[in-house]
Amino acid sequence: QAWRAIGTRRVFLPGPSGAGAAVAAEAAGAAGADLVETVAAEIAAAVRTHGGRLDRTGPAGPADLVLALAAAGPGDGVAGWDDLRTEVAGTLGAEGFAITRRAATLVCADAPAGLLHGLFHVLRAGDAAFGAPFGVRRHRPAMRRRMVDHWDNVDVHPVMGQVERGYAGGSLFWTAGAFTADPARIRAYARLLAACGVNAVAVNNVNVHPTEARLLTDRIGEVAAIAGWMRPYGIRVHLSVSFAAPRTVGALHTADPCDPAVRAWWAAAARDVYAAIPDFGGFVVKADSEGQPGPFGYGRDHADGANMLADALAPHGGVVHWRAFVYNHHQDWRDRGTDRAKAAHQHFAPLDGRFRDTVIVQVKHGPVDFQTREPVSPVIAAMPGTRLAVEVQATQEYTGQQRHVCYLGTPWSETLGFGWAGGQTVASVAAAGGGLVAVANTGADAFWTGHPLAQANLYAYGRLAWDPALDPCAVLDEWITLTFGAAAGPDAEPRRTLHAIMDDSWRGYERYTAPLGVGFMVRPGHHYGPDVDGYEYTGWGTYHFADRDGVGVDRTRATGTGFTGQYPQPWSRIYESPDECPDELLLFFHHVPYGHVLRSGTTVIQHIYDSHFAGVEQVERMRERWRALPPGGLLSAALHARVSERLDEQVRSAREWRDQINAYFFRKSGVPDADRRALDGARRPVIPR
Ligand code: BDP
């Protein structure tokens, strides 16, 4: 439906034999020519369905929409084109475009990928792109690389399955050891990603098991096939590699990054990869983390390891995404001086300035691990001499596993806007460095994402990576329009319902799971559902320290782990003080008594109770709204049923969270609920002692 605005119109896109064709072909290059033909095929399909017309050879009569490269142009006869081209040529970069509305809507790009993004822009705007005239508007992505990282395994892992932390069916690429990617499906996937603004995909898990390690060598053909199917949509393919590969898939006895034989092994491996995939993006590496091999084993550091791989890739134009998710996963909960939150900064900040330009240190957005609410990782402010990428988790490992509605555009936007002295923000650091990365939430599921409404997270990720200043609610609105139809008419009610369900869903999830910045009260292993003490006495470094008097982790300099000292001002000061620390992060930074009064005026214990009741009520209302909305139009019966089934589970799970958390804290603290609601899950009021 969304294509109607384009498909009903007369579109001119200079083709291989049209005006300026020779110049266009030269400007586009071989890969670029693919992209221009992708744009043509998209428009051709739309006009076939909706009755418009596509001209490739010259505007036969007036056009409504003209898309062309600045270097080529559509030739004479398109009013306003020369002005536009003169104004914008050479300023749009590899993916940007300019758009203006004169007699026709004109889209001009310096490079073919810009035409593709321009087309999707017109698609998002719909009829508005063909209304009253408007002046030249330039659009360029804030982040040069907008990458989705798949955690797909080749073999089925005994614990993690086919896709680690995957909640959207199987892998799009592999099934039980075999390469089962369906070309049409991968092309459709590339199209989906490109429409969201994504331009890079890492195809396999960062935990590289023995079979996946061979994707780098004898199974590179599989990666090349994926690259071939994705290339027409401007998407480059990256590969997660094992640091131990020279030993495990090669015949060397060491993987020491300073050993000349190891360096030569990687140089040869990179050469072979590029022979198979000339536009290969580069490597993603999880090293010395959670059991993955790395440079520490040879007495080297992360800069030695990352630079060695960068040197292998550099001659071919590739980059290394080296993850900063490094910590001791055998930490002793009794040692309060150590703190997992501090680890990435301790490992990486001292290395600032030592990484090559083609190394991108990929930092999780928070200091611990994709929890529902975390402060921003202090590493992001601590490495001005290093290119950083920021990693978010679209796959909802800790945010409801795509059984719960949890719209993540909201927290990502907050994270990207987080700033400190000198006008720096998370978005500006990522934009200047290596961009924004999302762990994929997609898979072989018919709706791509398991929960159909989780598609909005992929969309929001891509849109915010393109422009971090976008309002996440407006982005959600775009997704709703593109997926379910325009605002007016019969679609108005579905839109209202979807907003009512989704806008505040992340905060809702936080309310019934882990308010005040406390994390990891999840069941160990699979991380779904509540288990307050599940990780409390383990080695994973994820504690809440609840006792009869209070709860939270003291991360202050004064009396705690000193983590607050890793932040620049003013945050270091703000987080250090329990009075200044934002309520929503209080228990992340402070251990406080249950009677501690929050900035909101409520005590911590009462807030825990209130927020769990409120969270469940919110989810119950979400389900009622959905039930009141009959399937129909673009809301298919299958989709409606899937969302209904997931909302039932969300209600069940939210009640379970409420009852377990409230019962736990009631028993620990002995403090009754001010409103005398049942706290221990029993269906009777609790009489205050
Ligand atoms: C954790 C996941 C684990 C990943 C790890 C990572 O539980 O499966 O391997 O992150 O990012 O959150 O490497």
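How many helices and strands are there in the protein?

**Figure 1. Overall fold of the predicted model.** The protein contains 21 helices and 22 strands. Its C-alpha trace spans about 85 × 70 × 50 Å along the principal axes. A compact globule of 689 residues would have a radius of gyration near 26 Å, and the value for the protein, 26 Å, agrees with this.

**Figure 2. Burial and contacts in the protein.** Of the 689 residues, 53% count as buried. When contacts between residues at least 6 apart in sequence are considered, 69% of them join residues at least 24 apart.

**Figure 3. The largest nonpolar core.** This core has 205 residues. V66, L115 and V320 are the members that touch the most other members. At least three residues of the core come from domain 1 (4–139), and at least three from domain 2 (146–365 + 382–394 + 410–471).

**Figure 4. Surroundings of L115.** Leaving aside residues up to four places away in sequence, L115 touches L35, V36, V39, L67, L69, F97, V107 and A109. L115 is also one of the three residues, with V66 and V320, that touch the most other members of the largest nonpolar core.

**Figure 5. The shell around the ligand.** By class, the shell divides into 6 charged, 3 nonpolar and 1 polar residues.

Technical notes. Residues are numbered from 1 along each chain as its sequence is written. This is a predicted model: local features need pLDDT of at least 70, side-chain atom pairs count only at pLDDT 80 or more; totals for chains, interfaces and linings use all residues. A nonpolar core is a set of buried Ala, Val, Leu, Ile, Met, Phe, Trp, Tyr and Cys residues joined through C-beta atoms within 7 Å. A residue is buried if 20 or more other C-beta atoms lie within 10 Å of its own, exposed if 12 or fewer, and partly exposed in between; C-beta atoms are placed from the backbone. Domain bounds come from an automatic or database domain assignment. Two residues are in contact if their C-beta atoms, placed from the backbone, lie within 7 Å. A residue is near a molecule or strand if its C-beta atom, placed from the backbone, lies within 6 Å of it. Ala, Val, Leu, Ile, Met, Phe, Trp, Tyr, Cys and Pro count as nonpolar, Asp, Glu, Lys and Arg as charged, and the others, Gly among them, as polar. Helices (H or I, at least four residues) and strands (E, at least two) are DSSP runs, numbered from the N terminus. The radius of gyration is taken over C-alpha atoms; the globule rule is 2.2 Å times the number of residues to the power 0.38.
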